[in-house]
Amino acid sequence: MAKTFNISDKSIKEYINYFEDVFLLKRIDKFHNKQKEKIKSTKKIYALDNGFLQIAPKHSKNLGASIENLVFMTLNQKDKQVSYLKDTYEIDFFTKGVLTQVSYDISDDKTKKRELNAFKHFKKNDKEKFQLITYDTDETIDNVKVVSIDKYLLTLHAN
């Protein structure tokens with residue numbers, strides 16, 4: 001971001017801190033058992049209001065980013081310790097033993113394989129739950145519950 005806006009890293013960090021202070025943005029940490037490693041990890045940034053994404057400069061609508069941000073907002077309401085996993089693959093969200101990926105469309109076999117392989121990469125035991133949130137797909141694939149965003153939100157708020 002510093003290169004994009006031609007300002008210092010320090011200024012970018014200050015702006016992000018200001019945006020967090022007024023509840024526009026939230027940073028999440030990469031999951032790690034050691035607090036020191038978690039603090040040092042690269043952060044992911046999410047808007048706390050999807051409307052904020054609509055005013056950002058962009059060349060085209062990125063519905064995938066909007067859905068991912070919406071899933072973050074709902075998870076963040078239930079658990080302030082939402083994190084992400086990253087190694088060879090990345091899992092968008094990890095909270096309370098549930099690994100959650102978000103992909104707007106998995107009709108392309110390459111995309112579907114990439115998203116499902118991320119779960120396989122991070123699987124540690126059979127107690128973990130895996131969910132893949134999409135725009136319009138509802139099925140179960142290899143113990144991964146694939147849920148459309150509308151059903152996900154309705155189920156989440158019903159509990």
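Analyst: Lysine 44 lies over the face of tyrosine 84, at 5.3 Å from the ring centre. Lysine 44 also lies over the face of phenylalanine 93, here at 5.9 Å from the ring centre. A charge is taken to sit over a ring if NZ of Lys or CZ of Arg is within 6 Å of the ring centre and within 35 degrees of the ring normal.

The model is predicted, so local features need pLDDT of at least 70 and side-chain atom pairs count only at pLDDT 80 or more, whereas totals for chains, interfaces and linings use all residues. Residues are numbered from 1 along each chain as its sequence is written, and side-chain values use heavy atoms, with hydrogens and water left out.

Phenylalanine 93 belongs to a cluster that ring pairs form with Tyr46 and Phe72. Rings of Phe, Tyr and Trp (its six-membered ring) pair if their centres lie within 6.5 Å; planes under 30 degrees apart count as stacked, over 60 as edge-to-face and the rest as tilted. The count by this rule is six aromatic pairs. In one of them, tyrosine 46 and phenylalanine 72 have ring centres 4.7 Å apart and planes at 15°, so this pair is stacked. The pair joins distant parts of the chain, for tyrosine 46 is in strand β2 (residues 44–47) and phenylalanine 72 is in helix α5 (residues 63–78), 26 residues apart. Helices (H or I, at least four residues) and strands (E, at least two) are DSSP runs, numbered from the N terminus.

Leaving aside residues up to four places away in sequence, aspartate 92 touches Lys44, Tyr46 and Tyr84, among others; contact means heavy atoms within 4.5 Å. The other residues that aspartate 92 touches include Ile28, Glu68 and Val102. Threonine 74, by contrast, is 18 residues from aspartate 92 in sequence and 13 Å from it in space, C-alpha to C-alpha.
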